[in-house]
Structure formats: C-alpha cells, structure tokens
Amino acid sequence: MARIIEMQICLGSSCFSRGNKDIVMYIKEYLKKNHLDDRVVFKGSRCMDKCSNGPNLMINGRMIEEISLANIEAIMVREFGNIK
Ligand code: FES
C-alpha cells in the first residue's frame, strides 16, 4: 500500500502573513489536481518556532524553509513528482 505523506504548513502569524495564507490554497489545489489528496495528509500547524527562516512547511517531519508562491511549485514537483 502507498505510504501516506504528512504535510504541515505553518499558520503561525509570521508565516501566515508572509505568504502561507496564499500558499495553503496553492497546495490544496496542487494536491487535488495531481490526485494526491488521498496520499497526503495536509494540515495547518501553529508556529514552528523558526519564524526567521519562514514561511515554513514540514513534510514527514522535514522542515522546508523560505517557501513562497514563486518557489512552491518547484518544491511540490520535487517532493511529489515521482510518486504517482
Ligand atoms: S510563525 Fe511559522 S515558524 Fe513561527
């Protein structure tokens, strides 16, 4: 059976106001479009205590820092491109 991937996006006030507010929507759409929503548990989280490196995203416990609308597509392709 396919492994479930856990993904958490920081919705603490710093990350939220610096872009994660919009990136949440982008990721939801991406997962849906690529039929990944049954493989990925996607949740918001509270501040990850790394505000100065944010906006932050966590995939299976691994922190991905400085995400933005400009780089999120490349990150998603890198992380999920070959699990279909
Ligand atoms: S608000 Fe995201 S790490 Fe603090």
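**Figure 1. Confidence along the elements of the predicted model.** In this predicted model, the element with the lowest mean pLDDT is H2, at 94, and the element with the highest is strand E3 (residues 57–59), at 98. The mean pLDDT of the chain is 94. Of its residues, 94% reach 70 or more.

**Figure 2. Order of elements and overall dimensions.** The chain holds two helices and four strands. Read from the N terminus, the elements follow the order β-α-β-β-β-α. The radius of gyration is 12 Å, which agrees with the value near 12 Å for a compact globule because the chain has 84 residues. Along the principal axes, the C-alpha atoms occupy a box of roughly 35 × 20 × 15 Å. Of the contacts with a separation of 6 or more, 65% are between residues 24 or more positions apart. Buried residues account for 19% of the 84 residues.

**Figure 3. The largest nonpolar core.** Eleven residues form this core: Ile-9, Cys-10, Cys-15, Ile-23, Ile-27, Tyr-30, Met-48, Leu-57, Ile-67, Ile-72 and Met-76. Strand E1 (5–10), helix H1 (13–33) and helix H2 (72–80) are the elements that each supply two or more of these residues. H1 provides the largest share, four residues.

**Figure 4. Surroundings of Ile-9.** Ile-9 belongs to the largest nonpolar core. With residues up to four places away in sequence left out, Ile-9 touches Asn-20, Ile-23, Val-24, Ile-27, Gly-44, Ser-45 and Leu-57. Among these partners, Asn-20, Ile-23 and Ile-27 are buried residues of H1. Ile-23, Ile-27 and Leu-57 are also members of the core.

Figure 5. H1 contains 21 residues. From its first C-alpha to its last, H1 reaches 28 Å, close to the 30 Å expected at 1.5 Å a residue. At Gly-19, H1 bends by about 70°. Its buried residues are Cys-15, Asn-20, Ile-23, Ile-27 and Tyr-30. These buried residues pack against E1, strand E2 (40–45) and H2. Just after H1, His-35 has a positive phi of about 55°.

**Figure 6. Phe-16 in helix H1.** Phe-16 is a residue of helix H1. Phe-16 is classed as partly exposed because 19 C-beta neighbours lie inside 10 Å, whereas a buried residue needs 20 or more. Apart from neighbours within four places in sequence, Phe-16 contacts Leu-11 and Lys-21. Glu-6 is ten residues from Phe-16 along the chain, and their C-alpha atoms are separated by 19 Å.

**Figure 7. Glu-29 in helix H1.** Glu-29 also lies in helix H1. Glu-29 counts as exposed because it has 10 C-beta neighbours inside 10 Å, and the exposed class covers 12 or fewer. Between Glu-29 and Gly-61 the C-alpha to C-alpha distance is 22 Å, with 32 residues separating them in sequence.

Figure 8. Gly-54 and Pro-55 are joined by a cis peptide bond. Its omega is about -5°. Pro-55 sits in the loop between E2 and E3.

**Figure 9. Asn-60 between E3 and E4.** The loop between E3 and strand E4 (62–64) contains Asn-60. Although Asn-60 is not a glycine, its phi is positive, about 50°. Asn-60 is exposed because 11 other C-beta atoms lie within 10 Å.

**Figure 10. Glu-66 between E4 and H2.** Glu-66 is located in the loop between E4 and H2. Glu-66 has a positive phi of about 55° and is not a glycine. With 12 C-beta neighbours inside 10 Å, Glu-66 is counted as exposed, because that class takes in residues with 12 or fewer.

Key:
Residues are numbered from 1 along each chain as its sequence is written. This is a predicted model: local features need pLDDT of at least 70, side-chain atom pairs count only at pLDDT 80 or more; totals for chains, interfaces and linings use all residues. A nonpolar core is a set of buried Ala, Val, Leu, Ile, Met, Phe, Trp, Tyr and Cys residues joined through C-beta atoms within 7 Å. Two residues are in contact if their C-beta atoms, placed from the backbone, lie within 7 Å. pLDDT is the predictor's confidence in each residue, from 0 to 100. The radius of gyration is taken over C-alpha atoms; the globule rule is 2.2 Å times the number of residues to the power 0.38. The expected span of a helix is 1.5 Å times one less than its number of residues. The bend at a residue is the angle between axes fitted to the seven residues ending there and the seven starting there.
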